[in-house]
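This report covers a pocket lining and a helix pair.

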Amino acid sequence: MGNGVRKYFAFRVRPQPSDLQPVDANAWILEEVGRGKAGKHRRPKFGDMIGSIYILTALIGNLNSPYTKLSRAGLLLWILSMTVNFTYDGYESLAKYGYPWMGVRGLLLITCCVCTWFTIRRTIPWLEKGLGELERDKCYRKALRDMKVITKKLPYVLGVFAVISGSIQFGIMQRDKATHVTFGKSSDLQITFIFHMLRFLSGVHMFYALALFWSIPMCVMLMVGYSMIEYQDFSCIQLKLREKRLTLKQAIEGYNERVQFVKLSSSACVVILCMLIAYTFVSLAVNAYVFLFRNRTLFLYIVHALLPLVLAAYPLSTASWVTKQYHWHLVAVVKAWVECSDSDSDSEDERPLSITNEHGTSRLPSNYNESQAPETTLRIHMPDTGHVIVNSAYDNMERLQNVLTGSALFLGKLQHRKKIPKFNFEKYISYLDKVSRNVGFSIGVVPVTWELVSTLFFFLISLIALFVQESIFGKAKSTITI
């Protein structure tokens, strides 16, 4: 009979759907809601994100990429594109556009070589290391999810920008009649078509590389900014906790880690950003001057004056956004302090305490419900004599027990309050006020703030306005020399 009972319970206690293993549960989710909806709840892996970056940089010769064959083919293609593009630029400068334009294109050649080296050797390894640190920390799931969205959309943005920019450049050169250059060869249709295709494809590849050089530091900026936002969220939650609050030392160490993270990210991108900003400024100034004062019939100057400026706008704005997140941490801590003070005062007002008076009885607060107190008398029902109230024999002992219990609860709550350390918001806020002023994404030793970026763009736009004013209202001979 014992075996029968055992078999009965073994049959009755079956695993319910909530007790399934994770693999079976995931299979049930995939069957019910589909792969797309279940996939968005998984933890992002930095290997998927950095894999997209490796594919993109393989087209400029990133031999550190795991895609070895693609990287070698991309290196050969990148060398061929630079050779064809700058050979055409030099020949067209002599025949059509002049020496100032040749100088700008020479600076672009140097920028491409330097940015290729530092992107492969410094920026991408740091991006991979930073994403790996965020994944191992297991607190930055939302930041990794946002980075996954960015890296997924980046190839399409780069491809569309490169094709559109290359097409605009080739169309403007057709308008300027600068595509007839054949290096002294006969005007055979097949040879002309080959030259045109080489010129168009090399231009597309150059614009792709230029946009990629801006995009890799931008990914580093977004990684730092998204992780700082998530750090603010969970650090402020921990500061508001009543039982397990952070200590001042832990809060300062956590913020110093974020400061060190943004400093390393800035140093990994400083050379690339300096070269790109220098090229943007020189290209805008020289091309605008030559178009307004030397030759207004060639519109290619406008393309090479404005396209680098368009590329620089979003990454520099992103760098100023990262700096703002580090400065905003002070405001978030102040808000947490106010909310924490309000919650502590409310909890102390609502917490009832038992106080023992001098007569040995326990006194409760005035808002305590007396109906909740236990009765100390016993009622005995007799058959025909009504109710007879008999005092308990243990009245004195129960009263003493209540006194001791109330006193123990009161002392326990006082000790509990003393054991809970209060976070020193004043010192932490004064520390953040001194440190956070010079913290953020920087280029060299200069933090990139929104004021700096807006001033830079205002200066460049004012420079264009000055050129236009001189060309319209100035004298026939220019008062500005290059």
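## Second largest pocket

The lining of the second largest pocket draws at least two residues from each of α6 (99-137), α8 (189-240) and α9 (248-294). Helices are DSSP runs of H or I with at least four residues, numbered from the N terminus. Helix α9 gives the largest share, 7 residues. In total 18 residues line the pocket, and D137, Y140, G254, E257 and R258 lie nearest its centre. By class the lining has 9 nonpolar, 5 polar and 4 charged residues; Ala, Val, Leu, Ile, Met, Phe, Trp, Tyr, Cys and Pro count as nonpolar, Asp, Glu, Lys and Arg as charged, and the others, Gly among them, as polar.

The pocket holds about 400 Å³ of space, a volume being the space filled by probe spheres set on grid points joined across faces, edges and corners. On a 1 Å grid over the protein atoms alone, with a 1.4 Å probe, a pocket is an open set of points with protein on both sides within 12 Å along at least five of seven lines, and lining residues have an atom within 4 Å of a point.

## Packing of α4 and α7

Helix α4 (residues 46-58) packs on helix α7 (residues 141-175) at about 20°, the axes being 9 Å apart. Axes are lines fitted to C-alpha atoms over the stretch in contact, and angles run from 0 to 180 degrees between N-to-C directions. The two helices are therefore roughly parallel (angles under 35 degrees).

From α4 the contact (heavy atoms within 4.5 Å) uses M49, S52, I53 and L56, and from α7 L144, M147, K148, T151, L154, P155 and L158. These contact residues divide into 8 nonpolar, 2 polar and 1 charged.

## Basis

This is a predicted model, in which local features need pLDDT of at least 70 and side-chain atom pairs count only at pLDDT 80 or more, while totals for chains, interfaces and linings use all residues. Residues are numbered from 1 along each chain as its sequence is written, and side-chain values use heavy atoms, with hydrogens and water left out.

Definitions and conventions:
Angles under 35 degrees count as roughly parallel, over 145 as roughly antiparallel, 65 to 115 as roughly perpendicular and the rest as oblique.
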